[in-house]
Amino acid sequence: MNSAVTWVRKVLWCVLRPVGRRLIKFMPVEDAWSREEDSVSRRRFGSGCVREWSWFFEGESTVAVRSLQEICEWLVGCDYADDEAFFNEPDFWQHPVTFERTRTGDCEDHALWAWRKLAELGYEAELVRGHYFDGRDLRWNAHAAVIFGRQGTRYFMDTVAEDAAEMVMPIARARDIFCPECSVDAKFTTYKYAGGVLILERKLRGRADEEEGKLNV
């Protein structure tokens, strides 16, 4: 590696690492699931989110569902495939009607379809982006899911779960497996979750590990 480039990286890392740590300390997180209405760019949900939110509700659905249970059962019959393998693109968001034909896609495709179907049934549903939590740390890859309300209680829906009985859980249980970052409801109002601070911290640590690895090459 060019010595000048290495020197610049070392300087930048020495400057930015303590700044990032201080920012995190000044943003304590008491409840990762607390949220507030705020403007959130669609691209923050994923680089494949290039359409207006209303676009995902356009077109006539070919799948009729009458209950939450039927939504879960239909999703279990779908296949999971990452965008690189299925579309030869790093991030591609299918329209829900297209997903009804392919029945194959990644977490965003499953979640977008469920989000729309729950809204059609009258639920207060949100498409949510966040990260899985393994009990000790946040996992590196982002994940899309759905949050919805029913009879005054909010639920988390992991739309790629292999068992319909395990797809929906109360938020109290979801806290142990998922950290939310941002969401959008069926009226296209966006929200920021306090968990975004924890996710930022995870990203900073991940980049720190990458930079230290490069500097040791």
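**View 1. The largest cavity holds about 30 Å³ of space.** This is a predicted model, in which local features need pLDDT of at least 70 and side-chain atom pairs count only at pLDDT 80 or more, while totals for chains, interfaces and linings use all residues. A cavity here is a set of points, on a 1 Å grid over the protein atoms alone, where a 1.4 Å probe fits but cannot get out; its volume is the space filled by probe spheres set on the points, which are joined across faces, edges and corners. With a threshold of 30 Å³ or more, the count is 1 cavity.

**View 2. Six names to look for around the largest cavity are F45, W93, L127, V128, R129 and A144.** Lining residues have an atom within 4 Å of a point. Strand 4 (residues 124-133) gives the most to this lining, with 3 residues; strands are DSSP runs of E, at least two residues long, and helices are runs of H or I, at least four, both numbered from the N terminus. By class, the lining has 5 nonpolar, no polar and 1 charged residues, where Ala, Val, Leu, Ile, Met, Phe, Trp, Tyr, Cys and Pro count as nonpolar, Asp, Glu, Lys and Arg as charged, and the others, Gly among them, as polar.

**View 3. Helix 5 (residues 107-120) is mostly covered.** Just after helix 5, G122 takes a positive phi of about 95°. Residues are numbered from 1 along each chain as its sequence is written, and side-chain values use heavy atoms, leaving out hydrogens and water.

Key. The expected span of a helix is 1.5 Å times one less than its number of residues. Buried means under 20% relative accessible area, exposed over 50%, partly exposed in between (1.4 Å probe, protein chains only). On a 1 Å grid over the protein atoms alone, a cavity is a set of points where a 1.4 Å probe fits but cannot get out, and a pocket is an open set with protein on both sides within 12 Å along at least five of seven lines; lining residues have an atom within 4 Å of a point.
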